Amino acid sequence: MHRIPYLSAETQPEDEKKRSAAVESIQQLGQTTVATSADSNIYCLTIIGQVEGHVVLPPQNKTTKYEHIIPQLVAAEQNPKIEGVLVILNTVGGDVEAGLAIAEMIASLSKPTVTLVLGGGHSIGVPIAVSADWSIIAETATMTIHPIRLNGLVIGVPQTFEYLDKMQERVIRFILNHSRISEEELKSLMFKTGELTRDIGTTVIGADAVKKGLIDQVGGVAEALRELNRRIEERKQAAGGVVS
Amino acid sequence: MIYSIVPVEELFFEGWENTIAPRRDITIEGVTMQVEMLGDGTARIIRLISPNPYDYTNPAWMPGSIIRYAPKFD
């Protein structure tokens with residue numbers, strides 16, 4: 001039987017490698033020419049489902065893994081062909097540390113970044129949504145802003161509350177530093193009662209999120225790409241017309 | 001610590017008894033994808049994990065298509 005050789009391709013000489021790549025594509029895809037993807041100057045990150053961090057979630061959950069996203073963002077910063085990063089969000093939240101790490105990575109990129117919230121950007125999706133230079137939300141997209149819950153074994157001592165409060169504070173600080181919303185407004189959204197059936201908090205939809213200063217604009221993919229391309233042009237001009 | 005609108009009990013226990021065919025993250029020609037191992041030297045693409053939007057327009061990598069994939073042991 002044939003074995004697919006690509007796992008050992010690194011050890012072969014250059015032309016041998018090329019030939020085996022052709023054989024490989026016949027074996028895998030039944031054709032000699034595989035449509036190789038064109039390079040895009042825009043890096044598109046999709047953050048969907050749960051943001052997965054230290055704990056591997058059971059396979060019935062759709063997740064975006066921390067270990068996929070972080071190296072991709074490093075590559076986006078380093079690769080000179082990449083001129084801008086578009087982050088598309090449709091997330092229900094997830095790991096606090098992983099979410100904040102992704103948000104910090106996006107915020108600290110030197111290249112232009114735009115986030116687009118489609119469907120939902122809930123819980124830890126909120127700091128990720130506000131982390132870019134410019135944020136856009138679809139008209140029907142929602143963001144749920146609610147307190148962090150304690151899960152697992154809870155010790156009923158004041159220190160437990162302090163720990164939770166610190167976790168909460170990290171998320172709140174990040175959102176405040178990267179959006180136009182005021183602390184009072186954000187906290188009132190977060191601790192509002194009577195709006196969510198199983199939780200404390202608020203759901204803000206599309207234009208509402210813009211009005212509260214959380215997100216910069218209501219729009220879709222056209223607005224997101226227009227804004228990103230505009231920022232890329234601006235950056236090129238600032239660099240004296242030289243592509244950096 | 002999980003900060004999500006999905007209740008934790010749902011995250012970990014809902015649907016756990018439904019067995020799902022083993023999935024694996026593999027990289028072919030620089031594109032990372034999640035595949036479902038079909039056990040006969042082929043695999044079905046579940047989803048692509050790529051930041052290059054053009055990868056998604058490549059018909060060879062449409063989710064659901066079957067690729068030959070057998071890990072080599074040597």
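Biologist: What is the mean pLDDT of chain A, and how many of its residues reach 70 or more?

Modeller: pLDDT is the predictor's confidence in each residue, from 0 to 100. For chain A the mean is 86, with 83% of residues at 70 or more. This is a predicted model, in which local features need pLDDT of at least 70, side-chain atom pairs count only at pLDDT 80 or more, and totals for chains, interfaces and linings use all residues. Residues are numbered from 1 along each chain as its sequence is written, with chains lettered from A and ligands numbered from 1 in the order in which they are written.

Biologist: Where in chain A does pLDDT stay under 50?

Modeller: Where pLDDT is low, the predicted coordinates should not be read in detail. Here that stretch is residues 3-12 of chain A, for which the model has 21 contacts beyond four places in sequence. A contact means C-beta atoms, placed from the backbone, within 7 Å.

Biologist: How many helices and strands do chains A and B have?

Modeller: Both are DSSP runs numbered from the N terminus (helices H or I, at least four residues; strands E, at least two). Chain A has eight of each; chain B has one helix and five strands, running β-α-β-β-β-β from its N terminus.

Biologist: What share of each chain is buried?

Modeller: Count the other C-beta atoms within 10 Å of a residue's own, placed from the backbone: 20 or more is buried, 12 or fewer exposed, in between partly exposed. Chain A, with 244 residues, is 36% buried; chain B, with 74, is 22% buried.

Biologist: Which residues of H2(A) are buried?

Modeller: An α-helix has 3.6 residues a turn, so residues three or four places apart point the same way. In H2(A) the buried ones are Ile69(A), Leu73(A) and Ala76(A). They sit on the same side of H2(A) because they cover an arc of only 60° around the axis, taking directions from the helix axis to the C-beta atoms. Their cover includes strands E1 (42-52), E2 (63-65) and E3 (84-95) and helix H3 (96-107) of chain A. Glu67(A), Pro71(A), Val74(A), Ala75(A) and Gln78(A) are exposed on the face turned away.

Biologist: Which residues have a positive phi without being a glycine?

Modeller: Ser123(A), at about 50°, is one, in the loop between E4 (113-121) and H4 (125-130) of chain A. Glu29(B), at about 45°, lies in the loop between E2 (23-28) and E3 (31-37) of chain B.

Biologist: Is each of them buried or partly exposed?

Modeller: Ser123(A) has 31 C-beta neighbours inside 10 Å, so it counts as buried. Glu29(B) has 16, so it counts as partly exposed.

Notes. Two residues are in contact if their C-beta atoms, placed from the backbone, lie within 7 Å.
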